[in-house]
Amino acid sequence: MGEESEIEREFALHLGKTGNARTVDSYLRTVRRFLKHVGEASVDRISEEKTRAFFANKAKATRYQEVRVIGEFLAFAAARLPAVIDNRGSATAPVPAVRNKKELALRQRWSADTAIEKKRTDDDLIAKLARKLIDHYVYFQGRMKGEPENLDDVYRFADECKELIENNLPLFMSLSAQGRNIHSKIDERIQR
């Protein structure tokens, strides 16, 4: 899989319509690592076990970002799977042979685990942002009451904000691309 596959080229074109070149490159690097890991050129043959193994042993922030990227890629790729025309003339997606109860249970568990992990990651981000917002509010309230400025707090706040932005930039850019008003700096970056 040294060469770029057709689905990767199509995905890159799709991303190019919604993101900037750095985002496209970042997403494609993640997709290439994923496809190399699962060892399948055909998306419909990627197993759940190999997919889970790809995300194992990754840091929480990295795992969250890669789940988003791979999820977007798999949804994009699945939408391009060939449709089967049945004898009534209607198009349907190809359906695998009869699934056994164990396979259905594994798929449901995978879906539930993914939803729980996404919720936990979202909640962690919201809690972290809330802590920082409250810290800043308390700091500014103290400054308005005449308390002396503490440069250590200012530098700490700036470092914490920078880390939050860098760790969640793909999320912020994605939300901004969807029309959410995140910040003018993010909007400018997407338009470049």
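**Helix 3 and helix 5**

I began with the crossing of helix 3 and helix 5, which is left-handed; left-handed means that the near helix is turned anticlockwise from the far one by less than a right angle. I note that the model is predicted, that local features need pLDDT of at least 70 and side-chain atom pairs pLDDT 80 or more, while totals for chains, interfaces and linings use all residues. Numbering runs from 1 along each chain as its sequence is written, and side-chain values use heavy atoms, without hydrogens and water.

I looked up the geometry: helix 3 (residues 48–55) and helix 5 (residues 101–144) pack at an angle of about 25°, with axes 11 Å apart. That makes helix 3 roughly parallel to helix 5, a term used for angles under 35 degrees. The axes are lines fitted to C-alpha atoms over the stretch in contact, and angles run from 0 to 180 degrees between N-to-C directions.

I then listed the contact (heavy atoms within 4.5 Å). Helix 3 contributes Glu 48, Glu 49, Thr 51, Arg 52 and Phe 55, and helix 5 contributes Leu 106, Arg 107, Arg 109, Trp 110 and Asp 113. By class, I have three nonpolar, one polar and six charged residues in this contact.

**Two residues of helix 5**

I checked Thr 121, which is in helix 5. Thr 121 counts as buried at 10% relative accessibility; buried means under 20% relative accessible area, exposed over 50% and partly exposed in between, with a 1.4 Å probe and protein chains only. Leaving out residues up to four places away in sequence, Thr 121 touches Lys 60 and Tyr 64.

I also checked Arg 143, again in helix 5. Arg 143 counts as partly exposed, at 35% relative accessibility. With residues up to four places away in sequence left out, Arg 143 touches Pro 148 and Glu 149.

**Helix 4**

I looked up the span of helix 4 (residues 60–79): its 20 residues reach 28 Å from first C-alpha to last, close to the 28 Å expected at 1.5 Å a residue. The expected span is 1.5 Å times one less than the number of residues. The buried residues I noted in helix 4 are Tyr 64, Glu 66, Arg 68, Val 69, Ile 70, Phe 73, Phe 76 and Ala 77.

**Whole chain**

I recorded seven helices and two strands, in the order α-α-α-α-β-β-α-α-α along the sequence. Helices (H or I, at least four residues) and strands (E, at least two) are DSSP runs numbered from the N terminus. Of the 192 residues, 24% count as buried.

Key: Angles under 35 degrees count as roughly parallel, over 145 as roughly antiparallel, 65 to 115 as roughly perpendicular and the rest as oblique. Ala, Val, Leu, Ile, Met, Phe, Trp, Tyr, Cys and Pro count as nonpolar, Asp, Glu, Lys and Arg as charged, and the others, Gly among them, as polar.
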